[in-house]
Amino acid sequence: MKRIAIIGGGISGLSAAFTLEEKRQSGAPIEYVLFESAPRLGGVLVTDHVEGCLVEAGPDSFITEKPWATDLCRKIGLGDQLIGSNDADRKTYILVRNKLVVMPDGLMFMVPTKILPTVFSPLFSLRTKIRMATEWFHPPRKASADETVAEMVERHYGAEMVDRLADPLLSGIYGGEASQLSVRAVLPRFADMEAKYGSLGRAMLAAHRKMATANMPPRPLFTSLREGMQQMVDALVARLDVNALRTSAPVESVIPQHNGWTVSAGYQSDHFDALIVATPARAASAVLQLADENLARELGEIPYSSSVTVALGYDETVRRSLPPGFGFLVPRSEGRRLLAATFVHNKFPHRAPENRALLRCFLGGESVEQFLNASDEQVLRIVREELQQILGLTADPLFVRIYRWRAAMAQYSVGHLERLERIEALLQKLPGLALAGNGFSGIGVPDCVRSGTEAATKVISGMGMWSAA
Ligand SMILES: Cc1cc2nc3c(=O)[nH]c(=O)nc-3n(C[C@H](O)[C@H](O)[C@H](O)COP(=O)(O)OP(=O)(O)OC[C@H]3O[C@@H](n4cnc5c(N)ncnc54)[C@H](O)[C@@H]3O)c2cc1C
């Protein structure tokens, strides 16, 4: 019997455990133990139910285009629980000089593909509109080195595009800044499109046409679960071997020993044949310090950002007074503390009863430390001030929930892919070890599912036990 340890019980670790469980049930001679430092499993996937509203503390959905989370949900019996975002009401605003300006139709991520809505949009100055028109003639360019998203977008559309769109969109996903994030790691498609077409606009349009001719049925942009993201955690846990799950069990260190790994958690040390570390990269660095200090250093240098999410429930008067659409993003140049807010009752209507409005606000960026350390009263005061100034919202919320996420989102800065190569080379010298989690090749839930699954596949293959069956 081969023994495998998994460290970290977020969606990455649970996906790895599920892959091992499937293998075990198909007769492979393996057993696994999952160590999770917190008292609960799921990591940042947490759903609360408050006064008839479904409140997501961490992720509220995942992008439909990436199949791995949807595929896993189907496998664990949640196929009929998958729901799409209410794209008929999809409309996102950008705060410009304290006014909400709707993002024009035809923007694919930040790339304009429709002329008229962009020409008439007050979101961009004439100068940026002229840049958009000339971008169409951008020559193909094979990048010789990595660069930041801000640098690439600025080359194509100018600085205003970075401030009004690229930066707010990326801070909504990564909690990070376009001027720090690597194009190759975060938007590899953009680098490919530039190399092939030159113009991002022409490349996006070509991709759009290809999809239209392939007669692909329209899909919602985001997918989630009827009862929230926690449903995914619960369904996974229900399919795992209950004796294999150790919560409130922080792993302190791992050491390669006797053709395997010794894992130390609390006063106990246990021997395993293989190991999957599925924690945030900084925690992985601490755990692997004694195993390989070079690997630990590389992992520890992957930057992470923190954020605070604040859910506020209101009555139907407020619901009627709020603008339609999914919510708004706030460019850094507005000098606000709020990064974004989602109108949950529009994005996923059944998550709030018809007589309730549910807002989810994001705080992050440079001032995030202040919010992480502030009292709930202080955080709420700031959020309410911002909502009053942006939306004119003065009503008292019916309920509030505040969630603090310290160093939870990896930031793929310039040079991230080279770092991954160095990590991969170091892993070659540590047989039986696989890494998973949001620190490596995608921070969204689908990529984390993929990373956990691939890590499990890697350790089983290393034992000569993998077959696709
Ligand atoms: C506020 C927020 C909103 C987000 N929104 C979205 C979204 O809408 N859509 C989307 O796709 N993605 C979103 N993401 C990103 C996505 O949710 C995460 O990247 C993903 O869930 C991370 O999963 P994970 O298992 O890799 O890490 P985590 O969920 O962080 O789990 C890691 C686990 O490891 C445990 N651990 C750490 N150290 C040890 C140790 N020494 N021993 C044992 N256990 C340890 C931790 O306690 C934790 O439970 C969001 C993230 C945040 C924080």
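**Entry 1: helix H6.** I started by listing the buried residues of H6: Glu 160, Met 161, Val 162, Arg 164, Leu 165, Ala 166, Asp 167, Pro 168, Leu 169, Leu 170, Ser 171 and Tyr 174. Buried here means under 20% relative accessible area, with exposed over 50% and partly exposed in between (1.4 Å probe, protein chains only). That is 12 of the 16 residues in H6, so I noted the helix as mostly covered. Helices (H or I, at least four residues) and strands (E, at least two) are DSSP runs, numbered from the N terminus.

A note on the source: this is a predicted model, where local features need pLDDT of at least 70, side-chain atom pairs count only at pLDDT 80 or more, and totals for chains, interfaces and linings use all residues. Residues are numbered from 1 along each chain as its sequence is written, and side-chain values use heavy atoms, with hydrogens and water left out.

Where does H6 kink? I found a kink of about 35 degrees at Ala 166, shortly before Pro 168, in this helix of residues 159–174. The bend is the angle between axes fitted to the seven residues ending at a residue and the seven starting there. After H6 comes Gly 175, with a positive phi near 65 degrees.

**Entry 2: cavities.** I counted two cavities of 30 Å³ or more. A cavity is a set of points on a 1 Å grid over the protein atoms alone where a 1.4 Å probe fits but cannot get out; lining residues have an atom within 4 Å of a point. Grid points are joined across faces, edges and corners, and a volume is the space filled by probe spheres set on the points.

The largest cavity has a volume of about 70 Å³. Strand E4 (53–56) and strand E20 (356–363) are the elements that each give two or more residues to its lining. Among the lining residues I noted Leu 54, Asp 60, Phe 348 and Arg 360. By class, this lining has seven nonpolar, no polar and four charged residues.

The second largest cavity comes to about 40 Å³. Helix H7 (183–186) and helix H8 (188–197) each supply at least two of its lining residues, and the lining includes Met 152, Val 183, Arg 184 and Glu 194.

**Entry 3: Ala 283.** Is Ala 283 buried or partly exposed? I put Ala 283 down as partly exposed because its relative accessibility is 33%. Ala 283 sits in helix H11 (residues 281–287).

Key. On a 1 Å grid over the protein atoms alone, a cavity is a set of points where a 1.4 Å probe fits but cannot get out, and a pocket is an open set with protein on both sides within 12 Å along at least five of seven lines; lining residues have an atom within 4 Å of a point. Ala, Val, Leu, Ile, Met, Phe, Trp, Tyr, Cys and Pro count as nonpolar, Asp, Glu, Lys and Arg as charged, and the others, Gly among them, as polar.
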